Amino acid sequence: MRVVVRAGGPGVSRVSVARLVALADGMAPRDRQIVETVAGLTLVSGGQLVNLFFNNNGDSSSPFTRARLARRVLARLVEQRVLDRLERRRGGAGGGSTAWVYALGPAGRRMVAYWAGEGLPRSRGAYEPAPAWTAHRLAVSDLYVRLREAERAAQIELLAFDGEPAAWRGYSRLGGAAGVLKPDAYLRLGVGEFEDSFFVEVDLGSERRGQLIRQHRAYSEYFRAGVEQAKTGVFPGVLWVVPDAQRMALLADIHRGLPEQTGRLFTVVTSAQALAVLCGEASTRAAA
């Protein structure tokens with residue numbers, strides 16, 4: 001389905017090359033960080049952007065003042081077509097800018113390519129994503145926000161966080177066919193003197209057992225291919241983040257059916273446990 005987005009008013013559907021370059025070169029650091037974060041995560045809610053960029057400035061302004069600033073900044077980026085707002089609001093009506101879900105707009109997609117030294121490609125058409133896919137991408141973004149909050153609290157150092165498709169890995173399957181491992185995210189953490197890496201699968205309970213088994217097999221194949229070990233010297237832990245204990249039991253049962261060498265790669269936790277386990281796993285695995 002073609003996207004139906006709430007962008008700016010009339011006259012902003014197209015941005016000239018000269019205007020786009022001027023916007024990209026002159027963009028304020030925080031605005032650029034917002035754009036690059038949305039690019040890396042695909043979909044981010046207004047509330048998540050507020051937590052990342054407007055609640056950590058160390059000033060004495062009130063929450064109301066910071067929320068008003070966030071509304072103004074995000075509205076301007078939408079008006080410039082740097083960001084787009086999905087028609088479907090998170091949590092229904094109300095909530096101001098924090099209730100919207102944001103994606104890169106046509107100008108934003110071209111800007112990100114320009115900053116990466118790839119010129120100014122034509123911006124492809126956008127689509128309104130399905131509700132389940134939107135919820136999944138926002139759950140991945142939520143993990144990123146929680147990690148950034150832990151970093152601000154000096155609990156960890158977030159050295160890298162790659163969403164899709166940056167987290168994907170190509171490899172040769174048995175028999176020589178090309179394979180692609182598609183984790184939801186790849187991250188590297190520093191905890192004290194230790195550093196460790198993880199592939200992350202955020203599961204909202206919608207995938208069937210067969211789909212889960214196929215994804216586990218893909219990780220096992222990628223492990224046996226040795227690509228990651230040759231590049232970094234280690235294979236990341238694989239963390240499955242699930243909504244509840246019932247789903248944990250299903251994943252644990254799948255893990256028991258795996259060969260010991262690959263079964264030990266996987267850890268399953270609830271969303272509430274994820275941050276504590278990531279920090280603890282990073283220090284424990286790195287110390288081993």
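The following legends describe close-up views of a predicted model.

Local features require pLDDT of at least 70 and side-chain atom pairs count only at pLDDT 80 or more, whereas totals for chains, interfaces and linings use all residues. Residues are numbered from 1 along each chain as its sequence is written, and side-chain values use heavy atoms, with hydrogens and water left out.

View A. Asp162 is partly exposed, because its relative accessibility is 28%, between the limits for buried (under 20% relative accessible area) and exposed (over 50%; 1.4 Å probe, protein chains only). Beyond neighbours within four places in sequence, Asp162 contacts (heavy atoms within 4.5 Å) Ala167, Asp184, Ala185 and Tyr186. The C-alpha atoms of Asp162 and Asp184 are 8.6 Å apart.

**View B. Salt bridge between Glu164 and Arg137.** A salt bridge places a side-chain nitrogen of Lys or Arg within 4 Å of a carboxyl oxygen of Asp or Glu. Here the N to O distance is 2.5 Å. Glu164 lies in the loop between E5 and strand E6 (169-172), and Arg137 in helix H6 (residues 131-152). Both residues are buried.

**View C. Salt bridge between Glu221 and Arg173.** The closest N and O atoms are 3.0 Å apart. Glu221 belongs to helix H7 (residues 209-225) and Arg173 to the loop between E6 and strand E7 (178-181), so the pair ties together parts 48 residues apart in sequence. Glu221 is buried at 16% relative accessibility, while Arg173, at 40%, is partly exposed.

Conventions: Helix = DSSP H or I, 4+ residues; strand = E, 2+ residues; numbered from the N terminus.
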